[in-house]
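Hello,

Here is the structure I promised to pass on. Please open it next to this message and follow along.

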Amino acid sequence: MGYVYALLAAILFGANGSLTKLILETDLSAPQLTLLRTLGIALSAGIALLILNPRGFRVGWRGLAIMAVLGVFGLALLQASYAAALALLPVGITLLLEYLAVLFVALVAFFVFREKVRRRLWIAIGLVLAGLALVAQIWASSLNPLGVLFGLGAAASLTIYFVIGERQVTRTSPLAVAFWTGAFATLFWAIFSGWWELEPSIFAQPTELGGSHGSFELPLWIPLIVTAIGGSFVTFLLSFTALKYLPAPAAGVVASSEVLFAFLFAWIWLGETLDAVQLLGAAIVLIAIVLAQTARAAKTVVAADLALPPSTASIPIVGGST
């Protein structure tokens with residue numbers, strides 16, 4: 001069952017990338033979409049916490065300060081940079097860049113915290129560099145440079161989230177982490193997203209969701225609810241549930257398949273394709289991600305699109321998908 005839960009989470013994460021890309025083709029900006037997503041996460045987690053563990057809201061003043069840092073520099077900036085990259089790059093490549101956080105966390109652990117890492121980490125670094133060179137086709141400059149920067153920004157933001165979370169929030173309920181980081185991220189983008197410029201009628205606006213298969217329209221509010229709850233919060237719970245049955249390194253490797261599902265859904269749904277050289281590069285990077293995932297004795301599975309740590313009070317938050 002653990003593998004089933006982890007695989008379902010990876011599939012939903014991968015599909016959510018294509019849905020987000022289609023939503024960004026409406027009049028919503030990336031910061032505005034981020035605001036709505038983080039609000040959905042905070043509300044969903046808050047309701048679940050209220051029902052299951054009302055005392056979980058209590059994290060203390062120090063805990064609130066840490067949650068504020070995680071919410072702004074982790075979740076808020078992550079979701080915005082991820083959305084901005086999606087607007088400029090194919091879905092799979094965006095997620096591939098974001099997943100480099102797995103590698104960055106292991107490097108921070110080695111160089112900053114002096115942790116021991118397995119030799120495979122250095123192999124992973126070489127594979128990442130080679131694979132990204134093939135994906136980006138640096139000899140032809142086929143990728144949007146600004147999109148690549150946003151993708152790397154998402155990876156950096158996710159790295160910050162997990163490095164801080166691992167060291168500081170080891171005894172906090174995952175639902176509390178979801179609620180408070182989502183709340184602070186929502187507050188941040190409530191100030192900077194320009195939500196007040198939105199006309200209420202935009203949520204009833206017909207939104208094209210057919211992708212490469214022709215016209216299929218729904219009011220905008222429907223895909224927004226799907227991406228905020230189904231594509232974010234539900235996938236988080238699936239990842240969390242997987243950890244009840246699997247060791248975290250195993251769950252993390254399964255979760256890494258999110259990248260493959262992102263490519264698959266973008267190909268089927270949006271008609272986004274890669275040539276043979278880029279596919280080879282993507283495969284090499286994915287192998288490197290799996291190696292980096294197992295380079296440390298990781299204790300959680302990483303949720304890249306969510307940037308929420310599926311951990312328990314006895315399992316420290318460790319960067320290691322999503």
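The crossing of α3 and α4 is right-handed. Keep in mind throughout that this is a predicted model. Two packed helices are described by the angle between their axes and the distance between the axes. For α3 (residues 60-86) and α4 (residues 91-98), the angle is about 145 degrees. Their axes lie 9 Å apart.

Which residues make this contact? From α3 come Leu-78, Tyr-82, Ala-85 and Leu-86. From α4 come Val-91, Thr-94, Leu-95 and Glu-98. By type, the contact of α3 with α4 has six nonpolar residues, one polar and one charged.

Stay on α3 for a moment. Helix α3 also holds Leu-70. Is Leu-70 buried or exposed? Its relative accessibility is 2%, so Leu-70 counts as buried. The cut-off for buried is under 20%.

Next, Thr-20. Look for Thr-20 in helix α1 (residues 2-23). Thr-20 has a relative accessibility of 1% and therefore counts as buried. What does Thr-20 touch, leaving out residues up to four places away in sequence? The contacts are Leu-33, Arg-37, Leu-86 and Thr-227. Leu-86 has come up already, as part of the α3 side of the contact with α4. Arg-37 and Thr-227 come up again below, in the lining of the second largest pocket.

Now the pockets. Rolling a probe the size of a water molecule over the atoms shows where empty space is left.

The largest pocket holds about 230 Å³ of space. Its lining counts 15 residues. Nearest the centre of this pocket are Phe-263, Leu-264, Leu-274, Leu-279 and Ala-282. Two elements give two or more residues to the lining: α11 (258-270) and α12 (276-293). Helix α11 provides the largest share, six residues. By type, the lining of the largest pocket has 12 nonpolar residues, two polar and one charged.

The second largest pocket has a volume of about 170 Å³. Where does its lining come from? The elements giving two or more residues are α2 (30-52) and α9 (221-242). Here the largest share, six residues, belongs to α9.

- Leu-36, Arg-37, Leu-39, Gly-40 and Leu-43
- Phe-203
- Trp-221, Leu-224, Ile-225, Thr-227, Ala-228 and Ile-229

Sorted by type, these are nine nonpolar residues, two polar and one charged.

His-213 sits in the loop between β1 (206-208) and β2 (217-219). Is His-213 buried or exposed? With 58% relative accessibility, His-213 counts as exposed, because the cut-off for exposed is over 50%. Even so, His-213 has contacts beyond its sequence neighbours. Leaving out residues up to four places away in sequence, His-213 touches Ile-268 and Trp-269. Leu-270 is 57 residues from His-213 in sequence. Their C-alpha atoms are 7.9 Å apart in space.

That is the handover.

Best wishes

Terms used: Residues numbered from 1 in each chain as written. Predicted model: local features only at pLDDT ≥ 70, side-chain atom pairs only at ≥ 80, totals over all residues. Heavy atoms only, no water. Helix = DSSP H or I, 4+ residues; strand = E, 2+ residues; numbered from the N terminus. Buried < 20%, exposed > 50% of the residue type's maximum accessible area, 1.4 Å probe, protein only. Contact = heavy atoms within 4.5 Å. Axes fitted to C-alpha atoms, helices over the stretch in contact; angles between N-to-C directions. Left-handed = near helix turned anticlockwise from the far one by under 90°. Nonpolar A, V, L, I, M, F, W, Y, C, P; charged D, E, K, R; others polar. 1 Å grid on protein atoms, 1.4 Å probe; cavity = no way out; pocket = protein on both sides within 12 Å on 5 of 7 lines; lining within 4 Å. Points joined across faces, edges and corners; volume = space filled by probe spheres on them.
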